[in-house]
Amino acid sequence: MSIVPIIEFDRVSKIYPSGSGPITALHEVSLRIAAGEFIALIGPSGCGKTTLMRLIGDLEQPSAGTVRVKAKSPDQARRDRDYGIVFQSPVLYAWRTICKNVELPLELMGYPRQQRHERAMSLLRLVGLGDFSQAYPHQLSGGMQQRAAIARALSFAPSILLMDEPFGALDEITRERLQLELLSIWAESDPRPTVIFVTHSIPEAVFLADRVVVLSPRPGRVQRIIEVNLPRPRAFETREDPRFFTLLTEVRECLRAMEG
Amino acid sequence: MGYDASRADPGTAWPVGTALRRVLPVASVILVLLGLWEGSKLLFDFSDQRLPHLAALVEAMFTPTQGGTGPLLLVQMLVNAWATFRIALGGFLLGTLLGFGLAGLFLRVSVLERGLMPYVIGSQTVPILAIAPMVIVGFGRLGAAPWAAKVLVSTYLSFFPVTIGMLRGLRAVSPQSLDLMRSYAASSTQTFWKLRLPSALPFLFTSLKIAASASVIGAIVAELSAGPREGLGVMILDAAQSYNSRPPALYLAILAAGLVGVTFYSLVALAEHLVVGTRRAE
């Protein structure tokens, strides 16, 4: 790519100490991600895809190599509030209403009350939770809670969205609907955030991403990067497109090749 | 989709039924206890000396004290119960404050926890009966007000559950919610007030309930030791000494002590309901 990358990995390794000797989670990973790109990270369990995401978000430090985000250190990017994070579990605070949960980042960043309330409400409407702003998390279904978590991550308009299997705990039907919703929210955002989406679902990776980064089993390395040339906006019909199936096969073969 | 109205607002459909359902178990237990009391008297043939009739207790309540010149025993009991309650409340508040402080300190500086926790635990293995007179006499020599020394003894018992429960609560946050705070570049002060403290509240209230009962025990034990002759501790002591001539007085004093403990506990439970009543597990 000729454009300046927003995220750049240069021979990044991550080694965890453990009782039975050090474990290499990532080995000399080099990767460049452009601004506004939708990247899916896929690979077998324990391949370090979550670690890679956490290295970007300054939730872990590399053992070797450098990670640069917007030409800064991840630590600086975090302090500049460049990251919105969505985990597999919604991690909503049980003592706050849905609206107050979405307001939390804005509250910490010192936005005035009125402004953060309006911002939270408009995001809740965007994710289809406008009527549930005063409900408590336990009153919502898993899918609705995850929508709220997405609204919270978007509340302060971060330039990078880090998503760690955000739909992993949802049923297939809810999952496919949320994938579509995520794409439309992402497409409508101006500027579009760069999305790093960790998943172990091949159709999910192909459906969502511009590029699918396939990681090898431990120690994790970038095995292959597959360009997804499916047109946007993607819709339910995209999943019936022959090119969609070709790409699924390509990713699957790539993952299978590494097993042998 | 999961908005469940019946879960959102439980128990408003049948307010009368709910009230009845709450009162009924309490009332039946009281009835059973009263039945056991009188029944065992009948069955095992306990003398009035060993177990007075319930009627005798009621009668004693309305007998004037000091050989007929003083206030009714019931009035005297209530006055003394109030005195004990005040000491216990002081001990409870001070103990809670101390527990808060220690838990916050231990959370911030784990070296302090390792250094001080053995003493905190050790403090609770020393019998309060041995500590109380030392504190009372010691503070008396220093010229402190007698009530202050009593409050301190009560504090001694109540700070411990608060320290342990609070520390446990402050640490019981999921790593992911901490990651989230980190991603917002929240300061540790913000993380404390917005995340750790609110998520510690359920733990905290459990400890506060234990502390409430403990502080009453502390207050009573402190009253046994010395100081002005007031409070349930003094009443229990007096009643025990005159047990042979007036058995009901001791039973009433014990009952009053129990009542103070239950009242205190209920107040904390009420506060809990008001503060964390709306939330449930995630």
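This is a predicted model: local features need pLDDT of at least 70, side-chain atom pairs count only at pLDDT 80 or more; totals for chains, interfaces and linings use all residues.
Visitor: How far apart in space are A:Asp171 and A:Gly143, C-alpha to C-alpha?
Guide: A:Asp171 belongs to the loop between strand 6 and helix 6 (172-188) of chain A. A:Gly143 is 28 residues away from A:Asp171 in sequence. Between their C-alpha atoms, the separation in space is 8.5 Å.

Visitor: In what order do the six strands of the open sheet in chain A lie, and which are the edge strands?
Guide: The pairing in this six-stranded open sheet is mixed, and the order is 5-6-7-3-8-9. An edge strand pairs on one side only, and this holds for strand 5 and strand 9 (222-227) of chain A.

Visitor: What angle does helix 8 of chain A make with strand 9 of chain A?
Guide: Helix 5 of chain A packs on the sheet by touching strand 5 and strand 6 of chain A, and its direction makes about 170 degrees with that of strand 5. Helix 8 (residues 242-259) of chain A also packs on the sheet, touching strand 3, strand 8 (211-215) and strand 9 of chain A. The direction of helix 8 makes an angle with that of strand 9 of about 175 degrees.

Visitor: Which residue of strand 6 of chain A is the bridge partner of A:Ile85?
Guide: From strand 5 (residues 83-86) of chain A, A:Tyr83 and A:Ile85 point one way, A:Gly84 and A:Val86 point the other way, and all are buried. Strand 5 runs parallel to strand 6 (residues 160-164) of chain A, with four bridges between them. In strand 6, the partner of A:Ile85 is A:Leu162.

Visitor: How many residues lie between strand 8 and strand 9 in the hairpin of chain A?
Guide: Four of the five residues of strand 8 of chain A are buried, so this strand is largely enclosed by the rest of the structure. Strand 8 runs parallel to strand 3 of chain A, joined by four bridges, and is antiparallel to strand 9 of chain A, with five bridges. A:Val213 stands opposite A:Ile225 of strand 9. The number of residues between strand 8 and strand 9 in the hairpin is six.

Visitor: What is the average twist in the three-stranded sheet of chain A?
Guide: This open sheet has the order 2-1-4 and antiparallel pairing. Strand 2 (23-34) and strand 4 (64-69) of chain A are its edge strands. From one strand to the next, the twist averages 15 degrees.

Visitor: Which helix of chain B do buried residues of helix 3 of chain A pack against?
Guide: Helix 3 (residues 98-108) of chain A is mostly covered, with eight of its 11 residues buried. Among these buried residues are A:Ile98, A:Val102 and A:Leu106. They pack against helix 4 (113-126) and helix 5 (142-154) of chain A, together with, from chain B, helix 9.

Visitor: Why are helix 9 and helix 10 of chain B described as oblique, and what is the handedness of their crossing?
Guide: Helix 9 (residues 188-225) and helix 10 (residues 232-241) of chain B pack at about 60 degrees, with their axes 7 Å apart. Angles of 65 to 115 degrees count as roughly perpendicular and those under 35 as roughly parallel; the two helices are therefore oblique to each other. Their crossing is right-handed.

Visitor: How many charged residues take part in the contact of helix 4 of chain B with helix 5 of chain B?
Guide: Helix 4 (residues 73-108) and helix 5 (residues 110-125) of chain B pack at about 140 degrees, with axes 6 Å apart. In this contact, B:Leu102, B:Leu105 and B:Phe106 of helix 4 meet B:Ser110, B:Leu112, B:Glu113 and B:Val120 of helix 5. By class, five residues are nonpolar and one is polar, while the number of charged residues is one.

Technical notes:
Residues are numbered from 1 along each chain as its sequence is written. Chains are lettered from A and ligands numbered from 1 in the order in which they are written. A residue is buried if 20 or more other C-beta atoms lie within 10 Å of its own, exposed if 12 or fewer, and partly exposed in between; C-beta atoms are placed from the backbone. Two strands pair if DSSP finds at least two bridges between them. Axes are lines fitted to C-alpha atoms, for helices over the stretch in contact, and angles run from 0 to 180 degrees between N-to-C directions. Angles under 35 degrees count as roughly parallel, over 145 as roughly antiparallel, 65 to 115 as roughly perpendicular and the rest as oblique. A crossing is left-handed if the near helix is turned anticlockwise from the far one by less than a right angle, and right-handed if clockwise. Two residues are in contact if their C-beta atoms, placed from the backbone, lie within 7 Å. Ala, Val, Leu, Ile, Met, Phe, Trp, Tyr, Cys and Pro count as nonpolar, Asp, Glu, Lys and Arg as charged, and the others, Gly among them, as polar.
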